[in-house]
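Have the sequence and the 3D view open side by side for this one. We'll walk through it piece by piece.

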Amino acid sequence: MAWGLRIKGEAGQLQIDGTFQNYQLAASGTLYLGDTVVSGNALTLWKGELTLTSLVRPIVAFMISDDGLFFTAADNGGGSFTWTIYKNAGDPGKPARTITYYVFDVLAAVSSGNWGMRIRNASNVPVFDFIRKPMRVVDFVKEFNIEGVPLQKTYVSGRSYVATVCRFSGYSDTIFLGVGPGTDRLDRSWTATWKPISSGVEFGQVPTALYQHDGSNPPVYEPYESTAADYLVLDVTDY
């Protein structure tokens, strides 16, 4: 650009731009996955719902301490959005049910007050307000094949990182359990997820549905377009 302002972070990623609307922290908090549901006929999940209002084009990242999550999103209209978050409840070694969420959004309105710095673009539209914390982009992981082995990436030591799935992906497979009605076959559906590790994140897959049934029945597969997932990695230290 010939004029204006750009700010980059330690990772070299563009953080603040004086031309386009910038994403900033709109909400954060915790949510307990208090409901139990069955997906398919053989997968037990914990579930929670988060609804927020006064949003424009939100980007959300969910984190739990001991495993991966997956979620669905609904635009309710009028700036209201609902996210439904799920976690596999079948692993006794991973009992955590309280998630942390971070919601980033473009600037909905200029904040009140008489201190700080605001950035406007050439059309005099506010694109950044220093009263709200910026979305600190660390990495963009593109086209990770979730059918493969998990991928671990580490960044600056001592900081906290979250990720969000930018392109949902998944696949289905079948394993054979033995002989006998109701136990012959397990059809499994998977989708992209991530979980925190020390100074970084691990990318992988998580089951979304299990169907256990007689092998004479037709397979139950979810319609996925791709096994390649894209992730955005964010630094949320002190957020």
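## Ground rules

This is a predicted model, so keep the thresholds in mind: local features need pLDDT of at least 70, side-chain atom pairs count only at pLDDT 80 or more, and totals for chains, interfaces and linings use all residues. Residues are numbered from 1 along each chain as its sequence is written, and side-chain values use heavy atoms, with hydrogens and water left out.

Let's start with strands, which are DSSP runs of E with at least two residues, numbered from the N terminus. Two of them pair if DSSP finds at least two bridges between them. An open sheet of 4 strands runs in the order 4-5-8-7, with antiparallel pairing. Its edge strands are strand 4 and strand 7 (70–77), each of which pairs on one side only. From one strand to the next, the twist averages 30° (axes are lines fitted to C-alpha atoms, and angles run from 0 to 180 degrees between N-to-C directions).

Now zoom in on the pairings. Strand 4 (residues 35–39) meets strand 5 (residues 43–52) over 5 bridges in the antiparallel sense, and threonine 36 stands opposite tryptophan 46. The two strands make a hairpin with 3 residues between them. Glycine 40 sits in that turn, with a positive phi of about 75°. Strand 5 also pairs with strand 8 (residues 80–88), antiparallel again, over 8 bridges. There, glutamate 49 stands opposite threonine 84 in strand 8.

## Aromatic pairs

Rings of Phe, Tyr and Trp (its six-membered ring) pair if their centres lie within 6.5 Å; planes under 30 degrees apart count as stacked, over 60 as edge-to-face and the rest as tilted. By this rule the count comes to 8 aromatic pairs. Take tyrosine 171 and tryptophan 190: their ring centres are 6.2 Å apart and their planes are at 15°, so the pair is stacked. Tyrosine 171 belongs to strand 15 (residues 170–176) and tryptophan 190 to strand 16 (residues 185–197), so the pair ties together parts that are 19 residues apart in sequence. Tyrosine 171 and tryptophan 190 are both buried (under 20% relative accessible area; exposed is over 50% and partly exposed in between, with a 1.4 Å probe and protein chains only).

Phenylalanine 203 and tyrosine 231 form a tilted pair, 4.4 Å centre to centre with 45° between the planes. Phenylalanine 203 comes from strand 17 (residues 200–213) and tyrosine 231 from strand 18 (residues 228–235), so this pair ties together parts that are 28 residues apart in sequence. Phenylalanine 203 is buried, and so is tyrosine 231. Ring pairs link Phe144, Phe203 and Tyr231 into a cluster.

## Backbone angles and a loop contact

Most residues other than glycine have a negative phi. Glutamate 143, in strand 12 (residues 136–145), has a positive phi near 55°. Serine 199 also has a positive phi, near 60°. Serine 199 lies in the loop between strand 16 and strand 17 and is buried, with a relative accessible area of 15%.

Over in the loop between strand 17 and strand 18 you'll find glutamate 222, partly exposed with a relative accessible area of 30%. Glutamate 222 and tyrosine 171 are 51 residues apart in sequence, yet 7.3 Å apart in space, C-alpha to C-alpha.

## Pocket and cavity

Both kinds of space come from a 1 Å grid over the protein atoms alone: a cavity is a set of points where a 1.4 Å probe fits but cannot get out, while a pocket is an open set with protein on both sides within 12 Å along at least five of seven lines; lining residues have an atom within 4 Å of a point. A volume is the space filled by probe spheres set on the points, which are joined across faces, edges and corners.

The largest pocket has a volume of about 320 Å³. Of its 15 lining residues, Phe70, Thr72, Thr191, Thr208 and Tyr224 lie nearest its centre. Strand 7 gives the most to this lining, with 3 residues. The search finds 1 cavity of 30 Å³ or more, and the largest cavity has a volume of about 90 Å³. Its lining includes Phe62, Leu69, Phe70, Val165 and Trp194. Strand 7, strand 14 (161–167) and strand 16 each give two or more residues to the lining of the largest cavity.
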